[in-house]
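Please view the sequence and the structure together.

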Amino acid sequence: MAMSEAPPRFRAARRRQAEQRTLENDRIALWVYVADCPAVVRRLRTAGARVVAEPAAQPWGERMAVVLDPDGNRVMVADRG
């Protein structure tokens, strides 16, 4: 693995997103299983997390929601329905 500072164009885009409050980071995504997806999403929203997709039943039998962490990374919160 190699790590380096982001190129200037990416830093500028990130700065614009932060200014416009549309910060979303597509570099990583995290999938977390919880006991009660809607309850966890309510707690996250109360704590200030941005909810991108409300909890919804998925064709494969799970309930899933998408929230953004403080850095704009997508976090999928799911339960087994």
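## Burial and surface

Of the 81 residues in the chain, 23% are buried, where buried means under 20% relative accessible area, exposed over 50% and partly exposed in between, with a 1.4 Å probe and protein chains only. The accessible surface amounts to about 6,000 Å², and carbon and sulfur atoms make up 55% of that area; areas follow the Shrake-Rupley method with a 1.4 Å probe, and for residues only the protein chains shown count as cover.

This is a predicted model, in which local features need pLDDT of at least 70 and side-chain atom pairs count only at pLDDT 80 or more, while totals for chains, interfaces and linings use all residues. Residues are numbered from 1 along each chain as its sequence is written, and side-chain values use heavy atoms, leaving out hydrogens and water.

## Fold order

The chain contains 2 helices and 4 strands, in the order α-β-α-β-β-β along the sequence. Helices (H or I, at least four residues) and strands (E, at least two) are DSSP runs numbered from the N terminus.

Among contacts (heavy atoms within 4.5 Å) with a separation of 6 or more, 47% join residues 24 or more positions apart.

In strand β3 (residues 63-68), 5 of the 6 residues are buried. Strands count as paired if DSSP finds at least two bridges between them.

Strand β2 (residues 50-57) pairs antiparallel with β3 over 5 bridges, with Ala53 bridged to Val66 of β3. Their hairpin has 5 residues between the strands, and Gly61 in the turn has a positive phi of about 95 degrees.

Strand β4 (residues 73-79) is joined to β3 by 6 bridges, also antiparallel, and Arg74 in β4 stands opposite Leu68. The hairpin of β3 and β4 has 4 residues between the strands, with Gly72 at a positive phi near 90 degrees.
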